[in-house]
Amino acid sequence: MRAWVHTSPQLPLEKGMTLVENEPYPSDPLRPNEILVKVKSIAVNPADPTFAELGWPGKAFIKPNPIPGMDFSGEVVSTGSNATSLKPGDRVFGRIDTEKGKPGSMAEYTKAEIEGCVPIPPGVEWDHAAGIGTAAITAYESLVLNSISGDSVFINGGTGGVGTFAIQFAKAHGCRVTVSCSTTKVDLCKELGADEVIDYRSVDLVSTLKGKGKVFDLVVDYAYREETNLYKASNDFLTNGATFVMVPGGVSGALIKTLSKNMLCPSMLGGGKAKFKPYFAKSNRAAFQQISEWMAAGKVRTVIDSVFEFENMPKAIERIKSGRSTGKVIVHV
């Protein structure tokens with residue numbers, strides 16, 4: 001089969017990956033909870049190059065596979081003995097836990113666990129289904145599982161792959177949504193359902209949030225910046241008993257230090273007062289099923305930034321690494 005392989009791991013992923021025409025087909029017997037999928041479309045995530053390019057101490061926590069890629073849509077080829085809810089020919093979408101060393105989705109065929117794979121809703125195309133995966137599960141578990149209907153939520157970073165889903169999930173969940181983004185993306189955030197949009201290029205984000213008083217029940221930070229120190233600042237705009245969820249953009253010594261400080265340092269010593277939760281993506285079939293229902297009902301859609309053909313995978317990696325994508329970067333297989 002054809003597959004993109006990180007053959008030169010000392011190089012950045014887009015420069016060190018090779019399109020291998022005769023990569024071995026995943027022929028090992030399926031485990032009971034696994035399925036084999038013929039991949040139709042792939043969504044590229046920032047974590048794909050991040051994992052592939054990890055140094056120490058990151059590799060102590062994450063074991064990247066030479067075949068990168070977490071997200072996919074495709075057709076079921078075969079199933080393990082316990083994956084009885086799916087059958088050959090079913091159209092599915094999902095994600096692979098490549099951080100555990102499993103071969104990824106940047107190939108014509110891939111294996112996935114049933115926990116991270118569900119049927120595509122009727123009427124949803126391959127590209128839009130592929131874009132759900134890691135971004136949507138991150139948005140769901142960081143926002144929906146930490147809020148209730150009626151909550152006031154602030155989303156920092158509303159127009160990346162995660163943020164575009166988070167806005168829609170928050171509204172489907174019954175929350176009031178305030179979101180930050182740049183000037184050119186204000187209209188998109190409003191279109192996705194945001195009740196209020198803060199243009200961080202025209203106003204100071206932290207000052208604006210503090211000016212609102214203690215009104216937010218939840219902050220989800222998808223655009224972490226050390227210099228902003230949004231968690232400590234949240235003392236002035238989170239309600240008592242509120243939660244601050246941070247979704248790290250990678251794994252580094254500096255990040256581990258920040259996470260440790262935020263989780264362990266009391267407010268009297270310079271820490272924040274709100275409950276602090278770091279979030280790292282993991283598969284959740286029940287969440288995928290809820291997302292699928294919302295998509296089928298027209299409450300949620302995948303925002304697509306750009307689409308590439310399989311041969312142009314390095315260009316897709318470059319696009320996601322640019323930090324300028326709005327929504328999902330998709331690759332056809």
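Reply:
**From the overall fold to Ser142**

The protein has a radius of gyration of 20 Å, which agrees with the value near 20 Å for a compact globule of 333 residues; the radius is taken over C-alpha atoms, and the globule rule is 2.2 Å times the number of residues to the power 0.38. This is a predicted model, in which local features need pLDDT of at least 70 and side-chain atom pairs count only at pLDDT 80 or more, while totals for chains, interfaces and linings use all residues. Residues are numbered from 1 along each chain as its sequence is written, and side-chain values use heavy atoms, with hydrogens and water left out.

The protein has eleven helices and 15 strands (DSSP runs, numbered from the N terminus: helices are H or I of at least four residues, strands E of at least two). Of its 333 residues, 55% count as buried (under 20% relative accessible area; exposed is over 50% and partly exposed in between, with a 1.4 Å probe and protein chains only).

Ser142 is found in helix α4 and counts as buried, because its relative accessibility is 0%. Its side chain makes a polar contact with the side chain of Tyr222, at 2.7 Å (a pair of N or O atoms within 3.5 Å; within protein, one must be able to donate a hydrogen and the other to accept it, and residues adjacent in sequence count only if both atoms are side-chain atoms). Neighbours within four places in sequence aside, Ser142 is in contact (heavy atoms within 4.5 Å) with Leu218, Val220, Tyr222, Val245, Val247 and Tyr279.

In soluble globular proteins, nonpolar side chains tend to be buried together.

Ser149 lies in the loop between α4 (133-143) and β8 (152-156) and is exposed, with a relative accessible area of 54%. Residues up to four places away in sequence not counted, Ser149 touches His173 and Gly174.
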